[in-house]
Each structure stands twice: as C-alpha cells, then as structure tokens.
Amino acid sequence: MTAPHPPVYQEHYTRTPFQLFSGAGWKRLVAFRADESGVTLGGAALRYHRFLAVVPWRDIEAVVVWATQKPTEKPVQHIGLKLRPGVPALPGPNRKLTPQFAAGFAPHLEYEVVRNSRRIVLWKVDQARLTAALQAFAPQVQLRVHPVHRERPGQGGGLAPGSGASIFDIMP
C-alpha cells in the first residue's frame, strides 16, 4: 500500500500577473519545501533568487508556524526557522529587522525566528503534510505551531522609520 502523499512537502506561490513584471516569468515559484536535503524558503517575488534560502536539516532546530493579528485585520501567518547555534542568518526580507522591532511585532518569539521567517501569502501550510515530511526526513527537528498573537491598539507591527524594513520586503 502506498502513502496518499509522498513525504516531500512543497508549496508554490499562486501565480499572478505581477510575477511577469517582476522578471520571475510565469514559472511556479517554490514558497516552501521540505525534502531529504532540508528546507527551502522561497523569496519574495521582486527578489526571489536573492532571498531564496536552502537550509540543510543539520542546521535546523525547529520549523515555526506563527501569526500576528492587528485589532481590525485578519491574521497574517508566517513560517520560520530556528537555527542551531553558530549557523549564519538566512538571506530574506527580514534580514535588516532590529531585535527591538521584532520584539514589538512578535514578542512571543525569539528574534532569530522572526528574522528567518517568510510571510505566508499566496499559499497555505498543510500542517499534516509538513508534520509527515519532518517525521520522514528530520525527526529531530521540532514543529512549533503558535496560536495567533493579537496585537493591542498601538502595539508594534508597523514599518517604523529606522526599523530596517521596507514595504517591498514584505511583499510576496
């Protein structure tokens, strides 16, 4: 009897016309992949190849799924990696976030996880398939799924001057 899904877990960004104008063409861009070699975090459409990160399992302590929610908006989901000590930070849209800004945005998480995260936009996480991939390829790596962190009015989360972030960094 064969398994209903292979253990490789891969999600693609939904194609959009914006993708054509960004220089990425019409191909399916990988948003997230977990396979025998490790985890692939796709980059934002405007900077896909620059922000693409491929991380071997030996460098990963945990895969973290988390979300934040402003009082009047829908939750914004993220997926990130907790890396082992000594592993360099990943390229990505959050590479310039300061620890202070990250703490205002996601006080329930370690700075490193926020920095090594991708916003889940134009794709969704299938938690059952992700769990199966982790069990098959890296049983020593934890899967942490946090409840939605609801921001209070006036609490972090905006792009503040000097935060190191830009609107282009959070776009898919």
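Analyst: In this predicted model, the protein chain has six helices and nine strands. Of its 172 residues, 42% count as buried.

The largest nonpolar core has 27 residues, and those with the most contacts inside it are Phe-32, Ile-60, Val-63, Ile-79 and Leu-81. Two or more residues each are given to this core by β2 (30–35), β3 (38–41), β4 (53–56), β5 (60–69), β6 (76–83) and α5 (127–137). The largest share, four residues, comes from β2. As a general background, nonpolar side chains in soluble globular proteins tend to be buried together.

Leaving aside residues up to four places away in sequence, Val-63 touches Phe-32, Ile-79, Gly-80, Leu-81, Leu-130, Leu-134, Val-141, Gln-142, Leu-143 and Arg-144. A second, separate core of eleven residues includes Trp-66, Phe-105, Ala-106 and Val-114.

Several of the contributing strands also belong to an open sheet of four strands, which has the order β1-β2-β3-β4 and antiparallel pairing. β1 (9–12) and β4 stand at the edges with a single partner strand each, so one side of each is left without a neighbour in the sheet. Neighbouring strands of this sheet are turned by 5 degrees against each other on average, direction ignored. Within the sheet, β2 and β3 run antiparallel and are joined by four bridges; the bridge partner of Ala-34 in β3 is Val-39. The helix α5 packs on the sheet, where α5 touches β1 and β2, and its direction makes about 140 degrees with that of β1.

Notes
Residues are numbered from 1 along each chain as its sequence is written. This is a predicted model: local features need pLDDT of at least 70, side-chain atom pairs count only at pLDDT 80 or more; totals for chains, interfaces and linings use all residues. Side-chain values use heavy atoms; hydrogens and water are left out. Buried means under 20% relative accessible area, exposed over 50%, partly exposed in between (1.4 Å probe, protein chains only). A nonpolar core is a set of buried Ala, Val, Leu, Ile, Met, Phe, Trp, Tyr and Cys residues joined through side-chain atoms within 4.5 Å. Contact means heavy atoms within 4.5 Å. Two strands pair if DSSP finds at least two bridges between them. Axes are lines fitted to C-alpha atoms, for helices over the stretch in contact, and angles run from 0 to 180 degrees between N-to-C directions.
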